[in-house]
Amino acid sequence: MKARLWTLANGIMLLMFLFSASVQFNDPDPIVWIGIYSAAAGVCGLEILRRPSALAAKAVALIALVWAGSLFLRAHDVPISSLFAEWEMGDLRIEEAREMYGLTIVGVWMIVIAGVGWRRSRVAASAKVA
């Protein structure tokens, strides 16, 4: 049961990351955004197949969280309600806040995947000893 929920969660995140990548085509710098969201989707896909890459998950997490941190000082005080008030990117601070939170979601989910993979390898290693 837990394995199915974990697969479902990764499937949902994979679809969210693919959607996030797909809406970047009108962005002034779409390649970097499509790249980070596609990389996160790829890690989710590997986890669904139970072929996790701890290095990939950690690398994507590190890139996303450092990038989010670089936006933090300019975007941390934007009210959450402003992020959803309009779809257009009229205000640079709101755009940067949306980017910061998107990158944070990517980073946190990649850490969760890496943690689950670490836990799974520990359980497998202890099963071999027993």
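Arginine 50, which follows helix H2, has a positive phi, near 60°. The model is predicted.

**Helix H2**
- Helix H2 runs over residues 30–48, and its 19 residues should span 27 Å at 1.5 Å a residue.
- The buried residues of H2 are Pro30, Trp33, Ile34, Ile36, Tyr37, Ala40, Ala41, Val43, Cys44, Gly45 and Glu47.
- The cover over these buried residues includes helix H1 (2–22), helix H3 (54–75) and helix H5 (92–129).

**H1 against H5**
- The axes of H1 and H5 lie 12 Å apart, and the two helices pack at an angle of about 150°. Angles over 145 degrees count as roughly antiparallel, and H1 and H5 are therefore roughly antiparallel to each other.
- H1 and H5 make a left-handed crossing.
- On the H1 side, the contact is made by Trp6, Ala9, Asn10, Met13 and Phe17. H5 contributes Ile105, Val106, Trp109, Met110, Val112, Ile113, Val116 and Arg120.
- By class, this contact of H1 with H5 has 11 nonpolar residues, one polar and one charged.

**H3 against H5**
- H3 packs on H5 at an angle of about 150°, with the axes 8 Å apart. That angle makes H3 roughly antiparallel to H5.
- The crossing of H3 and H5 is left-handed.
- The contact of H3 with H5 divides into 18 nonpolar, two polar and five charged residues.

Methods. Residues numbered from 1 in each chain as written. Predicted model: local features only at pLDDT ≥ 70, side-chain atom pairs only at ≥ 80, totals over all residues. Heavy atoms only, no water. Helix = DSSP H or I, 4+ residues; strand = E, 2+ residues; numbered from the N terminus. Expected span 1.5 Å × (residues − 1). Buried < 20%, exposed > 50% of the residue type's maximum accessible area, 1.4 Å probe, protein only. Contact = heavy atoms within 4.5 Å. Axes fitted to C-alpha atoms, helices over the stretch in contact; angles between N-to-C directions. Parallel < 35°, antiparallel > 145°, perpendicular 65-115°, else oblique. Left-handed = near helix turned anticlockwise from the far one by under 90°. Nonpolar A, V, L, I, M, F, W, Y, C, P; charged D, E, K, R; others polar.
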